[in-house]
Amino acid sequence: MFQERGRQLTLISRSGVEEALSRAGIHPAPSVSDLRRNIVLRGISAEELGSMVGHEVFLGESRLFVHRLCVPCKYMERKCKCPGLMEAIWDASGVNCEVLVGGLITKGSVLR
């Protein structure tokens with residue numbers, strides 16, 4: 001099966017999403033875990049995460065290449081029953097990564 005490079009793993013900033021939803025006045029806000037990303041990160045802003053596009057990073061024992069920003073979709077907006085969600089999190093929707101070297105990632109793993 002063909003797997004497009006850079007779409008093996010997605011990362012998203014919890015604080016970035018929460019700030020974007022707050023700015024947009026979306027209440028009650030959907031859970032970050034409902035946004036269909038593989039790993040939710042704490043301690044990093046959406047801007048910091050986005051600045052990693054084009055770079056190799058490490059998460060736990062894994063080495064990743066950050067290919068591009070994720071784009072939110074209408075399906076997710078409908079699934080969360082949250083009109084305006086797609087536009088609200090456009091700049092905070094995370095990144096798509098390619099796994100260069102697999103390894104253990106656990107709760108508390110640091111992105112570096």
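## Basis of the model

Because the model is predicted, local features need pLDDT of at least 70 and side-chain atom pairs count only at pLDDT 80 or more, while totals for chains, interfaces and linings use all residues. Residues are numbered from 1 along each chain as its sequence is written, and side-chain values use heavy atoms, with hydrogens and water left out.

## Overall fold

The protein contains 4 helices and 5 strands, where helices (H or I, at least four residues) and strands (E, at least two) are DSSP runs numbered from the N terminus. Read from the N terminus on, the elements follow the order β-α-β-α-β-β-α-α-β.

Along the principal axes, the C-alpha atoms fill a box of roughly 40 × 35 × 25 Å.

## Burial and a loop residue

Of the 112 residues, 41% count as buried, a term that means under 20% relative accessible area, with exposed over 50% and partly exposed in between (1.4 Å probe, protein chains only).

Pro83 lies in the loop between helix 3 (74-79) and helix 4 (85-88), and Pro83 is exposed, with a relative accessible area of 72%. Apart from its neighbours within four places in sequence, Pro83 is in contact (heavy atoms within 4.5 Å) with Ile26 and Glu77.
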